[in-house]
Amino acid sequence: MNGADALLQTFVVNDVTACFANPGTSEMQFVAALDREPRMRPVLCLFEGVVTGAADGYGRIADKPACTLLHLGPGYGNGVANLHNARRAFTPIVNVIGDHATYHRQHDAPLNSDIFGLARPNSLWIKSADRADDIPALAAEAVAASYGAPGGPVSLVLPADAAWTDTTRGPVTAAVPKRLAPDGRTVEAVAKALREAKKPVVLIGGQACRAEALGPASRLAAHGLRVMTDTFVSRQARGGGVYAPGRMQYFGEAALADLEGVDLMVFVGTVTPVAFFAYPGRPSVLVPEGCSTLTLATRAEDSVAALTALADALGAPKEGPVQPLKLPDAAPAGPLTPQSAGVAIARHLPEGAIICDDSVTSGGGVAVPCMTARPHDVLALTGGAIGIGVPLAVGAGVAAPDRKIVALSGDGSAMYTVQALWSLARENIDCTVVVFANHSYRILNIEMQRTGSGNAGPSASKLLDLGDPRIDWVSMAKAQGVPAVRCETAEDFEKAFAGAMAQKGPMFIEAAIA
Ligand SMILES: Cc1ncc(C[n+]2csc(CCOP(=O)(O)OP(=O)(O)O)c2C)c(N)n1
Ligand SMILES: [Mg+2]
C-alpha cells in the first residue's frame, strides 16, 4: 500500500466516494490506486472548471463532499471560479491538488507554482501531506474541515513522492461536526422583537431554504410574518406542496423599494443582504434606513431547529401555507421565449427533478411557472461566476442517479465550461440541458445602461455580442456525444422538452429565443 492507496481508503471510510478529476503526471499514483479502490467512482472532466462545478453540484445534493483531483497550481487555477461559487454555496468539497515530489520542488520545474497562494483564498483548510504516513490523518482532517459548519472547499496538497511511498497507516475516521441550535435566549429575544416590530421581515438563506426548513418557515408565514429568501440560494425546494417564501430582488433599488417601511430584519442561515454590484449613487447595503437587524441563526447553526423554535415561541400554527400543484393547462404556442419555454418546462418537469440554473436573463421566465410545478430542487449560481450550470448537472446526476436533472444555461455561460457536455455523455447522466441561445451577453447590455456607461457603440458591442460567428449548438453537443435538437418555436420546444423528460440519459435542447 502506498500513500495514494491510504488516501483513497480514508476517503471511502468517510463516505467520500466520488472523484471529479483531471489528472497529470504528478497524480499518476492516485489514478493507479483507483483500480485498487472500486468504492471510489472516478469521473473525468475535460476542464477543471467542470471538475469543480461538478463537485459543487454533487455536494449540494449528496450533503457530503466529493473529492476533486487537480494538477498542481495551474489545474487548481483553472477550477477556481467554480470553487469560488462553491465557497459561496457552502458546499463541502475536498480538493486533492497533486504536486511535484517534495525534493523536486526546490528546482522550480515548469509546473511549479505557489499552490498555497493560489488555493488559500477558496480553501477553508489547506495542508500538504508531505509524508505518506501523514496522509490518512490529514485526509480525515480535510474531510472534517469541509463540513464546516457551514461547509466549503478544502485543499489537500499531495506531493508525488508521498503518493508513491509505502505506508502501513490504516484509514482514519473524520469527526464530522454537528450544527448546533441557537440558544433559547436568542430565540426569545427574536420572538420579542418580532412581536414589537411594525413591519418585520424574516430573511432566510442557505440551510434555511432546504425542504426540511421551509416547513417551519411557512409556520412563520401562517403567523402573519413576511418571509423572504436570499436572491441566490445554493439549494432550494420549490413547486407544488412546498412553501414559497418571497425573494430578495436582484437589483438593489428594487430590493429596497420592496422593503420600504420594514423596521426589523431577522436573519436565519444568512447575513445582511447587499447589492450584487455598486452603481453610481445607489446604496450597497439592502437594509432600509432605520431598520434594525437581528440574527436568529448564523450560517453555522441549525436553521431548521431555529425556525421551529421561533415558530413555537411565537405560538405560530403547526402548519403553514404551501404552493398548489398547478401545471399550465395549455401547451405554449408561438414564438419561443424564456416565458414560453418556462411553461413547457413547468408542464413536464417530473417530481424530484433538480434544476441547475445558470440561465441569467432567461431564468425568471422559467421560475415563475415552476412555482406550482411538480416539487423539485433548484441549485442557483451563488457566487456570480457564470459557467456552472452544466458542471453542476454532472455532479448532481452522479449524486442522484434516480432524479431527472435539468440544466438551464445562457449561451454565454454555457461556453465557459462547454466540455461538461462530454462528461454528461460519458457518465450517461439523466440530464436535459437547455441553452437559451440569444447570441448575446444580454445582461451586460442591460448593465451598461444601469452603470451609466451609455449605449454600446461598435467597439463595445463587439464585447457583448456573440452572434458573429453564430455558435452551432447542436453540432457542439453532438460532437461531445449528447443528442441535440434546436427549437425555434414554443411548439417545437414543448415537444422536445416533453420527449426529453420521458426518456433517460443526456439530451441537449438549443432554445433559439428571439
Ligand atoms: C466568470 C465570469 N466571467 C464574466 C462574468 C460577467 N458576466 C455576467 S453575465 C455575463 C454574460 C451572460 O451571458 P449569457 O449566459 O448568454 O446570458 P444572457 O445575459 O444572454 O441571458 C457575463 C460575461 C461573470 N459573471 N463571471
Ligand atoms: Mg446569452
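Let me start with ligand 1: helix H16 gives four residues, the largest share of the shell around ligand 1. Helices here (H or I, at least four residues) and strands (E, at least two) are DSSP runs, numbered from the N terminus.

A word on what we are looking at. This is a predicted model, in which local features need pLDDT of at least 70 and side-chain atom pairs count only at pLDDT 80 or more, while totals for chains, interfaces and linings use all residues. Residues are numbered from 1 along each chain as its sequence is written, chains are lettered from A and ligands numbered from 1 in the order in which they are written, and side-chain values use heavy atoms, with hydrogens and water left out.

Back to ligand 1. How many residues surround ligand 1? There are 17, and the closest are Thr-361, Asp-411, Gly-412, Ser-413 and Ile-443; a residue is near a molecule if one of its heavy atoms lies within 4 Å of it. By class, the shell has seven nonpolar, eight polar and two charged residues. In this scheme Ala, Val, Leu, Ile, Met, Phe, Trp, Tyr, Cys and Pro are nonpolar, Asp, Glu, Lys and Arg are charged, and the others, Gly among them, are polar.

Next, the polar contacts, meaning pairs of N or O atoms within 3.5 Å. Ser-413 places a polar side-chain atom 2.6 Å from an oxygen atom of ligand 1. A polar backbone atom of Gly-412 is 2.8 Å from an oxygen atom of the ligand. For Ile-386, a backbone N or O atom lies 3.2 Å from a nitrogen atom of ligand 1. Taken alone, ligand 1 exposes 580 Å², and the protein buries 79% of that; these areas come from the Shrake-Rupley method with a 1.4 Å probe. Two elements give two or more residues to the shell: helix H16 (411-416) and helix H18 (442-450).

Now the metal. Which protein atoms are donors of the magnesium ion, ligand 2? They are Asp-411 (OD), Asn-438 (OD1) and Ser-440 (O), lying 2.1 to 2.2 Å from the ion. Donors are N, O and S atoms within 2.8 Å of the metal (3.2 Å for Na, K and Ca), and water is not among the atoms, so sites may look incomplete. Along the chain, the donors follow the spacing D-x26-N-x1-S. Asp-411 lies in helix H16 and Asn-438 in the loop between strand S16 (431-436) and H18, so this pair ties together parts that are 27 residues apart in sequence.

On to empty space. Rolling a probe the size of a water molecule over the atoms shows where such space is left. On a 1 Å grid over the protein atoms alone, a cavity is a set of points where a 1.4 Å probe fits but cannot get out, a pocket is an open set with protein on both sides within 12 Å along at least five of seven lines, and lining residues have an atom within 4 Å of a point. A volume is the space filled by probe spheres set on the points.

The second largest pocket has a volume of about 1,200 Å³. Of the 46 residues that line this pocket, Arg-88, Ala-89, Phe-90, Gly-206 and Arg-299 are the closest to its centre. Helix H3 (48-62) and helix H5 (80-89) are the elements that give two or more residues to the lining.

The structure also holds three cavities of 30 Å³ or more, and about 40 Å³ of space lies in the largest cavity. Its lining divides into five nonpolar, one polar and three charged residues.

Last, the backbone. The peptide bond from Gly-148 to Ala-149 is cis, with omega near 10°. Another cis bond joins Ala-149 and Pro-150, with omega about -10°.

Methods:
Polar contact = N/O pair within 3.5 Å; in protein donor to acceptor, adjacent residues only side chain to side chain.
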